Structure formats: C-alpha cells, structure tokens
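Biologist: Could you take me through this model step by step? I would like to begin with its surface.

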Amino acid sequence: MAKKHPKRYGKEQIEIDILAQGGVPTQNQKTLLLLAEMKTLYTNLSYKCISDHYKGTEKILSEDHKTIRKAINTLKYSLQPVINKKH
C-alpha cells in the first residue's frame, strides 16, 4: 500500500522522521530541509523589498538587489535540467 503523503511536510516533521529513522537523513530529507531554508530566505527578502517599496526604507541597498538577482538567476540556471527532467 502506498503512503498517503501530507500536503505539507515541514521542517519539524522532517526532523521528527529523521530521529525516528535513527538520526540519519535521506537525500530527500536533506533537500527538503534546505528548501525550507530557501523558503525562509524568500520570505525575509520579500518583506524587506516590499517595505522598501511602500515605506521608503532602504533595508536592501541597490548593490544588494543585484547580488540577490544574480544568485536567483544562477540557481534557476543550475536547476533547469532537474526541473525539466521528464520521469
């Protein structure tokens, strides 16, 4: 019987599962933990950008915006083969 997968498999549940399986994470769990970190980075940067736009703050400087865009484009380019892979 196939496992019913949850709609959300968050950091807490991943860590519980890792402990339950003897403390050794699978490759999938390692990836999911890093994706959770990426989600947090996205949220923090997004809120700073929105604050800068609507409140006139400068939480992120012009040069920082360039660094962020470069990093995102590098990530997108690097992951393109995995994303486009047909299984």
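**The nonpolar patch and the helices**

Modeller: This is a predicted model. Leu 35, Met 38, Leu 41, Leu 45, Leu 75, Leu 79, Val 82 and Ile 83 make a nonpolar surface patch of about 700 Å².

Biologist: Where is Met 38 found?

Modeller: Met 38 belongs to helix 2.

Biologist: On to helix 3. What span should its 23 residues have?

Modeller: At 1.5 Å a residue, helix 3 should span 33 Å. The C-alpha atoms at its ends are 32 Å apart, which agrees with that expectation.

Biologist: And where does the kink in helix 3 lie?

Modeller: The kink lies at Ser 78 and is about 40°. The proline Pro 81 follows shortly after Ser 78.

Biologist: Let us change topic to charges. How many salt bridges are there?

Modeller: The count comes to 1 salt bridge. Glu 63 forms it with Lys 66, and the closest N and O atoms are 3.9 Å apart. The cut-off for a salt bridge is within 4 Å, so this pair counts.

Biologist: Why can such side chains pair?

Modeller: Side chains of opposite charge can do so when their charged atoms come close.

Biologist: How many residues apart are Glu 63 and Lys 66?

Modeller: They are 3 residues apart, about one turn of the helix, and both lie in helix 3.

Biologist: Is Glu 63 buried or exposed? And what about Lys 66?

Modeller: Glu 63 has a relative accessible area of 52%, so Glu 63 is exposed. Lys 66 has 45% relative accessibility and therefore counts as partly exposed.

Biologist: Now the whole chain, please. How many helices and strands are there?

Modeller: The protein chain has 3 helices and 0 strands. Along the sequence its pattern reads α-α-α.

Biologist: What is its radius of gyration?

Modeller: The protein chain has 18 Å, whereas a compact globule of 87 residues would have a value near 12 Å. The C-alpha trace spans about 55 × 30 × 20 Å along its principal axes.

Biologist: How much of the chain counts as buried, and how much area is exposed?

Modeller: Of the 87 residues, 8% count as buried. The protein chain exposes about 8,200 Å², and carbon and sulfur atoms supply 60% of that area.

Notes
Residues are numbered from 1 along each chain as its sequence is written. This is a predicted model: local features need pLDDT of at least 70, side-chain atom pairs count only at pLDDT 80 or more; totals for chains, interfaces and linings use all residues. Side-chain values use heavy atoms; hydrogens and water are left out. Patches are made of residues with over 30% relative accessible area and no salt bridge: like charges are joined within 9 Å, nonpolar side chains (Val, Leu, Ile, Met, Phe, Trp, Tyr) within 5 Å. Accessible areas come from the Shrake-Rupley method with a 1.4 Å probe; for residues, only the protein chains shown count as cover. A salt bridge is a side-chain nitrogen of Lys or Arg within 4 Å of a carboxyl oxygen of Asp or Glu. Helices (H or I, at least four residues) and strands (E, at least two) are DSSP runs, numbered from the N terminus. The expected span of a helix is 1.5 Å times one less than its number of residues. The bend at a residue is the angle between axes fitted to the seven residues ending there and the seven starting there. Buried means under 20% relative accessible area, exposed over 50%, partly exposed in between (1.4 Å probe, protein chains only). The radius of gyration is taken over C-alpha atoms; the globule rule is 2.2 Å times the number of residues to the power 0.38.
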